[in-house]
Amino acid sequence: MKLSTTLVSAALLAGLSSTASAQMLVQDDFNLPDGTFVGVNWVEANNNLEIASQKVRGAVAFASDTWMYHAGFAQPHATSKAIIDFGATPGDTFFGAGVVIGLDHNTWGGTAVRVTDNDLDGLFDRVFFMAAINAGAWYTQSTPIWYDLPTPVDAGQLTVWAEPADDMVVARIEDANGNLIGTYTAAGIAASPFAPTGTDVGIWISSRATADNFFAMEHRTLDAYPASISLGAGGKQTMDLSFGTAHAGELYLMLASASGTAPGTALGGGLVLPLNADALTTWTFLNINHAPYATTLGTLDAQGHARTSITMPPGILPGLAGLTINHAAISLNLGGIPTSTSNAATVSFLP
């Protein structure tokens, strides 16, 4: 396969990468036996969670709220990000699944974002932003902040993070096939008299909704997760860009290097891309939007956000085993002039 030969040649020619500064990242796929033990890293609020079919779910039906936080994670609200795959238990109603960032587990305060079955039809149809678990609304608002989903779903993915410069929280919702349903925001978060001050991240379940494939990380301009891909089993690393609303509607370009991040590559105007340009950088520049990558050149949305990925099918490119490469992105105005650069993020290829 020509792509395989070219990509592996570029990466190996460039050499082994030195890693960028490590991003704080925890994850859990809840690969445990059915029962009430949800894992050593989790602290439950009221012991109403359980494992069923390698997912965590509420153990009590109809509107019962329960939550837990990850004991191995600590980040301020402004630099926290959390992701879950959400789903439903057949026959359940009035359910919801969400995440909490900036959580103080002593007061239940934090930014809670939950996708719910609001009309009892067995589908997730509304997303709520709340000032704390069970608080109902941001207290500076006259009514709760919520949005109806244009397409109700029975399962999907929820990603939540803070944008500190804009004092808002962003929720990205996809369906189970990875199609974007919508990106939603709530402003005035840090200015609220009940502003989130904790450093925990957690999962919040109503009724018997399910959560799976949990990730929590230190939120940066470029977030990449998981940290590694098995070449034998295959896998995918998701790469999220958050350049901020000042860059809404601009272009982005994702590039790679196997030669480290310092001193980087000067772009002019005082901007430095934290990648040492090499053969892999050239390959990614000349093969835009080409497998194994998704959209490496695209447009940032109204929040200055975009999502791309690298996907390795099982058994492909075994010569990359042991290699760590770095990715970083450039935002560009519509004239093609660079306006900002991201941090570098790594991916390691395992056998």
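These notebook entries record what I looked up in the predicted model of one protein chain.

**Entry 1. Ground rules**

I worked with a predicted model, in which local features need pLDDT of at least 70 and side-chain atom pairs count only at pLDDT 80 or more, while totals for chains, interfaces and linings use all residues. Residues are numbered from 1 along each chain as its sequence is written, and side-chain values use heavy atoms, with hydrogens and water left out.

**Entry 2. The chain as a whole**

I began with the secondary structure and found 2 helices and 26 strands in the protein chain. Helices (H or I, at least four residues) and strands (E, at least two) are DSSP runs, numbered from the N terminus. I then looked up burial: of the 351 residues, 54% count as buried. Buried means under 20% relative accessible area, exposed means over 50%, and partly exposed lies in between, with a 1.4 Å probe and protein chains only. For contacts (heavy atoms within 4.5 Å), I noted that residues 24 or more positions apart account for 65% of those with a separation of 6 or more.

**Entry 3. The largest pocket**

Rolling a probe the size of a water molecule over the atoms shows where empty space is left. On a 1 Å grid over the protein atoms alone, a pocket is an open set of points where a 1.4 Å probe fits, with protein on both sides within 12 Å along at least five of seven lines; lining residues have an atom within 4 Å of a point. The largest pocket has a volume of about 650 Å³, where volume is the space filled by probe spheres set on the points, and grid points are joined across faces, edges and corners. Of its 31 lining residues, I recorded D85, Q157, N213, K236 and T238 as the closest to the centre.

Which strand gives the most to this lining? I found that β15 does, with 5 residues. Strands that each supply at least two residues include β6 (80-87), β11 (155-163), β15 (210-218) and β18 (235-242). By class, I listed 10 nonpolar, 11 polar and 10 charged residues in the lining. Here Ala, Val, Leu, Ile, Met, Phe, Trp, Tyr, Cys and Pro count as nonpolar, Asp, Glu, Lys and Arg as charged, and the others, Gly among them, as polar.

**Entry 4. Nonpolar cores**

In soluble globular proteins, nonpolar side chains tend to be buried together. A nonpolar core is a set of buried Ala, Val, Leu, Ile, Met, Phe, Trp, Tyr and Cys residues joined through side-chain atoms within 4.5 Å. The largest has 41 residues, and L158 and I203 have the most contacts inside it. A second, separate core of 26 residues includes A256, L300, L323 and I325. Returning to I203, and leaving aside neighbours within four places in sequence, I found contacts with residues including F30, W42, W67, I84 and F214.

**Entry 5. H219**

I located H219 in the loop between β15 and β16 (222-225). Is H219 buried or exposed? H219 counts as buried because its relative accessibility is 11%. The side chains of H219 and D223 are joined by a polar contact of 2.6 Å. Such a contact is a pair of N or O atoms within 3.5 Å; within protein, one must be able to donate a hydrogen and the other to accept it, and residues adjacent in sequence count only if both atoms are side-chain atoms. Beyond four places in sequence, H219 is in contact with T79, S80, K81, W161, A162, E163 and S242.

**Entry 6. Backbone angles**

Most residues other than glycine have a negative phi, and most peptide bonds are trans. I noted a cis peptide bond between Y225 and P226, with omega about -5°, and another between A262 and P263, with omega about 10°. P226 lies in the loop between β16 and β17 (228-230), and P263 in the loop between β19 (251-257) and β20 (265-268).

L120 is not a glycine, yet has a positive phi of about 65°; L120 is partly exposed, at 45% relative accessibility. S207, also not a glycine, has a positive phi of about 55°, and S207 is buried, with a relative accessible area of 1%.

**Entry 7. A321**

Finally, I placed A321 in the loop between β23 and β24 (324-332). A321 and F349 are 28 residues apart in sequence and 5.1 Å apart in space, C-alpha to C-alpha. Not counting residues up to four places away in sequence, A321 touches L231, F349, L350 and P351.
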